[in-house]
Amino acid sequence: MAHRYSYRRQRAHYRSASVLPRLGVVLAAVAVCALVLSATGLGSYLAQRFFVPFYQRMAAGAAAPSPAPSAEPSRAPAAGAQATASKAPAPSGTALVDVPAQPIYAVQLGVFSSESAAQSEAQIVAERGGAGYVLEDGGRYRVLAAAYITIEDARSVRDNLLKSQGMDAAVYTGGTGVMSLRVTAAADRIAQLQAAFDARLAAMEALMALSQSIDAKAADLPQATQRVQDMRSALAPHLTNLGQMQKASGQTDIAAALLQETALLDSFLASLTQNQGTDMVAMSQKVKYNTLSLLDSYTRAFDAFLT
């Protein structure tokens, strides 16, 4: 299968009060999010259960992170970034695959110039139930506590930390913008590629919803395990299709990159179903950390196509 790529990357202007309109396909994740509490309740819960002890410990003598910027930090792609694109009319069998944005909305608890300092702070965050994920960003190291489906959820947690606890929290935004891929292939393969992107996005949102449900005690271990198994079942046919595309093309291309990122997601989900003895707090921390890791990996993988 031959591919020619034309990207339209829209800068993720997540600092404004409004949020980019979600594509229709995200509606597939709404059912999974039914158990999630309201953003305000979730923010209060996390502030009281995880981050209050964390900052009490910091006040007792732990090294404090550098102040978070007043504006929401972002590693969003530069406006107008493009890969090489052909202006010639699309030949027969060529179509545009519209890839939905995969944003990152995360609560940030510190920014460091030293990776070792960031890792030390991340360990404290992880001990309190947060992700403790260190995201490298242009020579700076951001300590992230959790990722959320919407920027409103992330802002709710941040606001609770700022107003009730006086914490130096911020909302970090990044990820990928909307992409349009010009693909030359059989019609069924084009449809399969579109569906695979959509399914991966739905699974990531389901994973973030699961983390919030666990924190809010709206899902016990059997329920959480079942939801994870449902995510894997939904991804399985798309992994098969992506593998067939890669074999047919014999190239390292967009299908191969998506296959790699989706396989990483499936591998993590499989690990969750095997840890039946894990307590819910530990499971929540594991989900938070790996969700951020998967989002970061996906962003870097598809940013590489623009360089």
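A contact is defined here as heavy atoms within 4.5 Å, and helices (H or I, at least four residues) are DSSP runs numbered from the N terminus. The structure is a predicted model, in which local features need pLDDT of at least 70, side-chain atom pairs count only at pLDDT 80 or more, and totals for chains, interfaces and linings use all residues. Residues are numbered from 1 along each chain as its sequence is written, and side-chain values use heavy atoms, with hydrogens and water left out.

The protein chain has a mean pLDDT (the predictor's confidence in each residue, from 0 to 100) of 75, and 66% of its residues reach 70 or more. Over residues 2-45 the pLDDT stays under 50, and the model has 115 contacts beyond four places in sequence for this stretch. Residues 51-71 also have pLDDT below 50, with 46 contacts beyond near neighbours in sequence.

Helix H4 (residues 187-215) packs with helix H7 (residues 280-303) at an angle of about 150 degrees, the axes being 9 Å apart. Axes are lines fitted to C-alpha atoms, for helices over the stretch in contact, and angles run from 0 to 180 degrees between N-to-C directions. H4 and H7 are therefore roughly antiparallel (angles over 145 degrees) to each other. Among the residues in contact are Phe197, Arg200 and Met204 of H4, and Met280, Val287 and Phe302 of H7.

Aspartate 159 lies in helix H3 (residues 151-165). Its relative accessible area is 25%, so aspartate 159 is partly exposed (between buried, under 20%, and exposed, over 50%; 1.4 Å probe, protein chains only). The C-alpha atoms of aspartate 159 and alanine 169 are 8.1 Å apart, at a separation of 10 residues along the chain.

How values were computed: Helices (H or I, at least four residues) and strands (E, at least two) are DSSP runs, numbered from the N terminus. Angles under 35 degrees count as roughly parallel, over 145 as roughly antiparallel, 65 to 115 as roughly perpendicular and the rest as oblique.
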